[in-house]
Amino acid sequence: MPKKTIKSRVSAAKDNDSTLTLGQFLAKTRTEKQMTLRQVEDATDKEISNGYLSQLENDKITKPSPHVLHTLAEVYDVAYDQLMQKAGYITTRSPESSIKQSSKQSKPQQHGRAATFAEEALTEQEEDQLLEYLAFLRSRK
Amino acid sequence: MPKPDDSALSERQRQRIRQEAFKALTQADAIGVFPTPIDRIMAVSKVELAREDLADETLLRSFRSRAKGAIKRAVEKIRGVVDIVARIVYLDQALHKAQLPFLKLHETAHAVLPWQKDLYAVTEDCGMTLDPEIAEAFEREASNFATEVMFQGDAFQSEAADYKFGIRAPLGLAKTYGSSVYMAVRRYVSTHHRACGVLVLEMPEVDQEFGFRCELRRFVSSPSFDTQFGSLYWPGFFTPSDEVGAAVPATGKRMSGIRKIGLVDRNGATHECVAEAFTTTKQVFILIHSQKTLTTTRVIAIM
């Protein structure tokens, strides 16, 4: 069976399990996969110890590093971005937020859509334009 | 105002980044090759360097945008960006050549680190955005990847230990490893076994009252320095009237002689320290290292 890509798993994952915490979702997924904590530890080449995973599942650790979630997403074959959402690491941007930001003209926080090295954080509008500009350059190739 | 720490990672993250850096070096057959062949690293990472300049006026004119001002401001702010979908790195063409290796690797990291590239592919494509804290963490990870690849794990540290301690050591190592002086000095201090630190200052600016002033960009220290001195308070700027400012090389000179200054450790004991300075066209570096404990000396920083 071909490996599912992240994007293909996104829509299916969005509707389910929305009320579960990250820990509850991880515990439920592991149970469904019929894996023990030790088996997960082995499957991750000991990157994620059974003790650490247990703390994650009990919501004692709520903010694991993204690379930990990425590894678990691969082992469980679930959407990585879903885990990232549950950890509060990614959010859906509302149109209101960009209006609010540009009207306040406050110093923007680190932008979060484009992978850059920047002297100063981009505003949402600048970041949107940059991504469109990159897409434009891509289309010229 | 000093810049925030742009390198701090948890031990778990640091190990993971090291693993990915080692993987890239191995695939590029670059272990033990100095300076690290950056182009080979990019090639095995399937990342391409763009020839185009994002700030090119012709390109910008041909980009039909409703917000021309916004794209111009964005381009002015960024030094590098990677198009994750096309795996193309764009760099600011006005960058000094010493900065290029680091930036090429920094942008490559965003496209190589699995947990980053998979996410940027999503955020680039839809209305999702990373939490600012995570976006900053991704920046620190990318910078750590770049330095790990350039300095090849402990190779730099081992070689640095063979040099006589002082500002000349990182200057020589910068050439060997193909890094900027800034990167080499930071690496030198942060991995050295001695209690040492470096004050990175902005270039002197004319000051009516004092003659000149240098803003503090950041202070980097070794683990043993932190153990001994804890978190020292440093003023936001230095002038010729204070001991650090007095060490700044005079106009036209690149180095200043060795000076003695005093620092107070965690236990309240004053240590005589040695300070020596070096300047590039971008920053002034004041390397400080502890010599011995004294009972009386002037204090320039307090815990």
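Two strands count as paired when DSSP finds at least two bridges between them, and strands themselves (E, at least two residues) and helices (H or I, at least four) are DSSP runs numbered from the N terminus. This is a predicted model, so local features need pLDDT of at least 70 and side-chain atom pairs count only at pLDDT 80 or more, while totals for chains, interfaces and linings use all residues. Residues are numbered from 1 along each chain as its sequence is written, chains are lettered from A and ligands numbered from 1 in the order in which they are written, and side-chain values use heavy atoms, with hydrogens and water left out.

**View 1. A hairpin in chain B, built from β9(B) and β10(B).** Here strand β9 (residues 259-264) and strand β10 (residues 270-279) of chain B run antiparallel and share six bridges. Look for V264(B), whose bridge partner in β10(B) is T270(B). Five residues sit between the strands, and G268(B) in this hairpin has a positive phi near 90°. As background, side chains in a regular strand alternate between the two faces of the sheet.

**View 2. Helix α5(B), a mostly covered helix.**

View 3. Most residues other than glycine have a negative phi, and most peptide bonds are trans. D77(A), in the loop between α5 (66-76) and α6 (80-86) of chain A, has a positive phi near 55°. Q152(B), in the loop between α7 (132-151) and α8 (155-162) of chain B, also has a positive phi, of about 45°, without being a glycine. Is each one buried or exposed, or something in between? D77(A) is partly exposed at 28% relative accessible area, whereas Q152(B) counts as buried at 10%. Then there's the cis peptide bond from F34(B) to P35(B), with omega near -10°; P35(B) sits in the loop between α1 (11-27) and α2 (38-44) of chain B.

**View 4. Where the two domains of chain B meet.** An automatic or database domain assignment sets the bounds, giving domain 1 (11-151) and domain 2 (154-293). Their C-alpha centres lie 29 Å apart. Contact here means heavy atoms within 4.5 Å, and 10 residues of domain 1 touch 12 residues of domain 2 that way. The buried area, that is, the accessible area (1.4 Å probe) the two parts lose on being put together, summed over both, comes to about 1,100 Å², with carbon and sulfur atoms giving 64%. F34(B), M150(B) and F151(B) supply 54% of what domain 1 buries against domain 2, more than any other three residues.

**View 5. Chain A as a whole.** Eight helices and two strands make up the secondary structure of chain A, in the order α-α-α-α-α-α-β-α-β-α from the N terminus. Of the 141 residues in chain A, 45% count as buried.

Conventions: Buried < 20%, exposed > 50% of the residue type's maximum accessible area, 1.4 Å probe, protein only.
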